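Here is a short report on charged surface and aromatic contacts. Look at the structure first, then read on.

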Amino acid sequence: MKKVLAFIDVVDGQPGEIGYELLDFARQAAPEAELVAVGAGPQAALEGLAGADRALWTVADGYRPDLVGEVLTAAIVAEQPDLVLVGSTAVGMDAGTYAAAKSGYASIAYVRSLEPLDGSLAAQSVILGGKMVARVAVPDRTVLQVLAGAGSAERGRVPGRPAQVGTLAEPAAKASFEGFGRPEAQDVDITRHDVLVSVGRGIGDASNIELAEELAEALGGVVSSSRPVVDAGWLPKARQVGKSGNKVKPKVYLALGISGAPEHLEGMRDAACIIAVNTDPAAPIFEVAHYGVVDDVLDFIPALTESLRVRQG
Amino acid sequence: MPTGTDLPVAQRAVFEGFQHSWLVPLFYVLATVALIIFFYGVYRRVGRYRAGKRATLVRGWPRRIARSLMEVLTSRRIGRRDRYTGVAHAFIFWAFGFLFLGTTTIFLDHDVLGLVAPSLEFWKGAFFLGFSVVMDVSAALFIIGLVMMAVRRAFFSTFRLSYRRVDGKQQDRSAYEREDWWFLGQLLLIGVTGLLLEAFRLIHDHPWFQGYSPVGLAVAKGFEALGMTAPSAGEAHFVTWWVHAFLALTFIAYIPYAKSVHMLASWANAAARDEKAAVVLPTQETGAQTIPLTPIAANLTWKQLLAVDACTKCGRCHEVCPARTSGAPLSPRDLVLDLREFLGGRRGTAAAAQGTLSAAATALRDDGSPLISADVLWSCTTCRACIEVCPVGIEHVPLIVGMRQTLVEEGEMDQNLAQALMNLGRKGNSFGQSERARAKWAEQAGVPIKDARTEHCEYLWFVGDFASYDPRAQRVSQSVARVLHHLGVDFGILFESERNAGNDARRIGEEGLFESLAEKNMKALSQASFDRIFTTDPHSYNTLKNEYPAYGLECEVLHYTQLLQRLAAEGKMQIVAPQDITVTYHDPCYLGRYNRVFDAPRELIRLTGATLLEMPRNREESFCCGAGGGRIFTGDSLYGEKPAESRIREAAGLHGIESFVVACPKDMAMYTDAAKTAGYEQQIAVEDVIFLIERALGIGAKTPEEVNA
Amino acid sequence: MRIAVVMKLVPDVVEELVLSEDGKRLERGDIALKANEFDEQALEQALLLKESSGAELTVIAAETGDVDEMLYTALAKGADRALKLVGDGLQDGIWNAQYAGILVDVIADVGADAVLTGVQANDDLDGQLATWLAAGLGWSFATVVSGVEAAGESLIAKKEFAGGLTANLRLPLPAVLGIQASPEPPRYAPISRVRQIMKTQSLEEREVTAPAGSITVLSLRPPEKTGGAEMIEGDVQAKAARIAEVLAQQGI
Ligand SMILES: Cc1cc2nc3c(=O)[nH]c(=O)nc-3n(C[C@H](O)[C@H](O)[C@H](O)COP(=O)(O)OP(=O)(O)OC[C@H]3O[C@@H](n4cnc5c(N)ncnc54)[C@H](O)[C@@H]3O)c2cc1C
Ligand code: SF4
Ligand code: SF4
């Protein structure tokens, strides 16, 4: 394997974590290959990509789906890489398959890891709602959509810019960009968030909700809850998870002081990763959780928030 | 004073003291006018009912009429929850009846017989004397009854008499109050003037039989004490007579136009009443209808149009409705009154039914909003409490379900409810779980369970959704299986061939889904071999027992408490570990009010040795947990307080309750949650009656604490 | 505007997923299939567009299983036409690249100037259909869209990014949209209406041939069993640190 392209997500001028993860993922999978970062955004977004050998960059602002698709297509056509990595993100979904189709590459989605296969590679893809893992042969000249968490952003992020930065002319785009919208604080839609910090009666008191808010902020998620917390008026109805509230499917669901009544489980059991914290080791929530902590939420929440802050520096 | 034998024949002239001969014909002219107005009103009312759809009545008219007569004559349905009102109403009703009959008697005697066969006139002699007593006492009771009603209205701030709306709509309803008072007031005046008439006449004549009018005589004595003389009494009598006549005639004339129409409509409605209302919902063939949210006469059946007229605004349904009690925007009374007000105008006429009114006149209300809002309709738990209490036999639930059909048709529903319906359609269960997982609970039951599809069994157990999929209710099912096995009952289940029975789907208003579920279940049942059916779930029980016969189900259907009660009666239940606990029991709506199964669960509880304390609202008056009619699937945003919590607090108010016993899988879910959220988790265990039985039979060792754990 | 909504059947993961003998695919005869839930969102979005701007709406699905009910339900909800694509080999399921290959011609014939489909499906191993189609048709496109409005010769689409950030995009017609969520949840179609439609309307059929697929699955298997929750031990700080690590592994 000689050359790998890694597509860097940039939204609103900000590079996403996934870009660094892809750089790390590429290094792990093909240590000897030349690694080229590709993307469209401001020059500043190149900062931290020094882990790549080179970069091919289009200076662009705003966001246009066909622009990112065409940028990646152009880079593929120009570079003829063996492997192209994009993230399984809102940006990667615009760029990856589109560029594969345009440039005659194969496309494999939802990849969580790569493994050697007779001198070539096989991808492990998580499909069918996480119920199956497919091993797929990776032919030469393939675009992989890689799941978040497959690489380590920490390792992938190297201060500085790539040694060499080439420029890709901004391709023509049909779509036009009319501005970003930011969610209003009041109308949080918990069904659309990747991280939910969910509190139950174990939180004890309305004033402790703030602890959960802080944790959610540190995680880039929002606070949701079981029904009694809503009934008590500690959180608005829109935050309720469960049978008579919202069905949610986040990437991470933290169940803090929630017992795991059937009506609650009905709303969240499909979350990709469930972390439960409860003082009662026999609480039914542990039956559906992936990770369990037996502890007092009032001690645990601040400790976790602290821990995250330390990690993020 | 003359004695016995030589008394003159007791009798008096009808138009006594009428000096001017033209006054007599004048009275007849007025009376005729009043009757014409009266009959015209009746004619208009009937015309409105005729503008409605046809509806077939269940057979048995003689029985129906007899029943309604009994109900009306005894004021039974009125007095059932409210002695005071029952007594007052009975006074007014009976007295009015006698006084009315009395007047009619005089009419017959004087105006009919007097003209054609004077020799037959009977309003004299012994008959006259008896008549006097009855009329006199009636007048007194009439006045007492009316005063009792007035006192209640004025001084007891009875909640049910408040016309405040609960759905936040602004409406000035003071006209209702004025009408009520007018009704009372006019009747009272008629009564009082009648009594005065009698008194004045006695003062004037002092006939030898005056003792046969004791009350009148007492009043007369009073006036005499105040100095009234015979001549002045004669004058007063003349004036009072006309006032009395005028009041009575106007009353008759306006009967079909105002609140008093209930005097006619309620009889008719009580006769037309369907004892199985809501228990068996009407199908297309029996006059089922999708009712628009803003209906015109043509959208309702004549029966429903009659029913909305029959409402006396008594507010009983308003008082007991769990939706109303919990702060939801539904009041069954207001639903009926809204319909009545709306249909009272042009929308209730034959022209509307024939479509000759302009669309604008019939369609929407002035502000474009539907008459009955979606929130109002989705608030109903179909608990049937309103139908149970309504003294005039109004059937609210079929109306609500008819309108819900419109909502379903338009897709106007809570997202959770839509999801449940989709799950029911696709998977046959509301949980959206795999059909194949339906009988998973059976693996942990610890006893073998037959497959009724391949083996004959005496009892086919129709398990139901909650009892199959809800983890708490699964333990109930497992316990039922163990107990029946222990008692040697030959039973089997349909495994993944069973579908939700469709009781809720139908009451949500998704008739097509109900039909499709019923057809699938009937297919599975027809392929199985069994003698009888029993169910764990009262909702399934209701529809299997009452609605599936229309789809061809012909066998006996029992609730498991009934089955166990039978076994107990046969002496098969050997209690080895009497349960020394104090419990209360919650009647599930679909078992109790719907199907009158009140005693089986209670007998079983007593059999286990437990002490049963009744909650204030028990049996027919049981208070809904809030889960019925599809409400368990909808978000709970329409409700302020949860009915189940109110119920748990009611139980907690009893002394020393250890267990809150239920006999419905949905109740297990509702009350475990409610006990927790109302803060009684540590105090009261929520358990199914089967757990008590299993312990008492010595098969399971579960104590209430273990059950709660 | 003429809108085509492309739907597909996907394995119902609530039911048991039965593997074929060779362990490389699901045994289609033994698993349950259902409409891709994102396609249902796309359909709802299209119905809303139809209601707001009078578009004509054709629903298309390849017969990779029993699609009749799905198509009839779409008609019951308000679609104008339903087109079933039939052909050899479809019953075994097709990859999105193949589906897109078939659809390019079909969409031209339908005369659609907007194609709405689900942003993803639980089985799109070879990438998402919307972008396969956009590349094949050469149209403007956007994926992860949660709201579309008609604006003359273009569509205004709201695209969502992580954390609730959105971008407003003007896409000139013709355009392909991968719908994440409709502004309104998918409407409920009463069973009686679906039955009625089945009696009174019929599905249009069209014979198609799928091009060859481009990926090779070596094996399919359930993920390693985690066997209940992994319980984290230690003092509060240690537990918090471990959970922070887990979160990092999840890419948070
Ligand atoms: C029809 C119906 C619909 C329903 N819909 C919903 C719904 O949509 N959503 C929903 O959530 N519920 C719903 N419920 C309610 C449900 O049954 C439960 O009552 C509810 O989920 C319990 O919430 P909880 O876990 O927060 O409270 P509990 O069950 O009281 O659990 C609190 C947990 O916190 C633990 N705890 C206590 N203190 C601490 C501490 N200091 N640190 C750590 N842990 C602690 C306890 O051990 C316990 O496990 C519904 C119920 C019904 C009947
Ligand atoms: S059935 Fe029950 S909830 Fe519905 S209106 Fe009547 S009393 Fe109220
Ligand atoms: S509907 Fe029946 S119970 Fe309700 S107010 Fe009218 S008469 Fe009374």
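## Burial cut-offs and a tryptophan pair

A residue is buried under 20% relative accessible area, exposed over 50%, and partly exposed in between. The model is predicted. Trp241(B) has 13% relative accessibility, so Trp241(B) counts as buried. Trp242(B), at 16%, is buried too.

## Aromatic pairs

Over all chains, the structure holds 34 aromatic pairs. One of them joins Phe180(A) and Phe161(C). The geometry is edge-to-face, with 6.3 Å centre to centre and 65° between the planes. This pair crosses between chains. Phe180(A) sits in strand β12 (residues 176–181) of chain A. Phe161(C) lies in the loop between β8 (154–160) and β9 (166–172) of chain C. Phe180(A) is partly exposed, at 21% relative accessible area. Phe161(C) is buried, at 7%.

Trp241(B) and Trp242(B) also pair. Their ring centres are 5.2 Å apart and their planes meet at 75°, so this pair is edge-to-face.

## An aromatic cluster

Chain B also carries an aromatic cluster. Its members are Phe96(B), Phe100(B), Phe142(B), Phe183(B), Phe251(B) and Tyr254(B).

## A negative patch

Which residues form the negative surface patch? They are Glu210(A), Glu213(A), Glu214(A) and Glu217(A). Glu217(A) belongs to helix α5 (residues 209–219) of chain A. Is Glu217(A) buried or exposed? Its relative accessibility is 65%, so Glu217(A) counts as exposed.

Notes
Residues are numbered from 1 along each chain as its sequence is written. Chains are lettered from A and ligands numbered from 1 in the order in which they are written. This is a predicted model: local features need pLDDT of at least 70, side-chain atom pairs count only at pLDDT 80 or more; totals for chains, interfaces and linings use all residues. Side-chain values use heavy atoms; hydrogens and water are left out. Patches are made of residues with over 30% relative accessible area and no salt bridge: like charges are joined within 9 Å, nonpolar side chains (Val, Leu, Ile, Met, Phe, Trp, Tyr) within 5 Å. Accessible areas come from the Shrake-Rupley method with a 1.4 Å probe; for residues, only the protein chains shown count as cover. A salt bridge is a side-chain nitrogen of Lys or Arg within 4 Å of a carboxyl oxygen of Asp or Glu. Lys and Arg count as positive and Asp and Glu as negative; His and the chain ends are not counted. The place of a charge is taken as NZ of Lys, CZ of Arg, CG of Asp or CD of Glu. Helices (H or I, at least four residues) and strands (E, at least two) are DSSP runs, numbered from the N terminus. Buried means under 20% relative accessible area, exposed over 50%, partly exposed in between (1.4 Å probe, protein chains only). Rings of Phe, Tyr and Trp (its six-membered ring) pair if their centres lie within 6.5 Å; planes under 30 degrees apart count as stacked, over 60 as edge-to-face and the rest as tilted.
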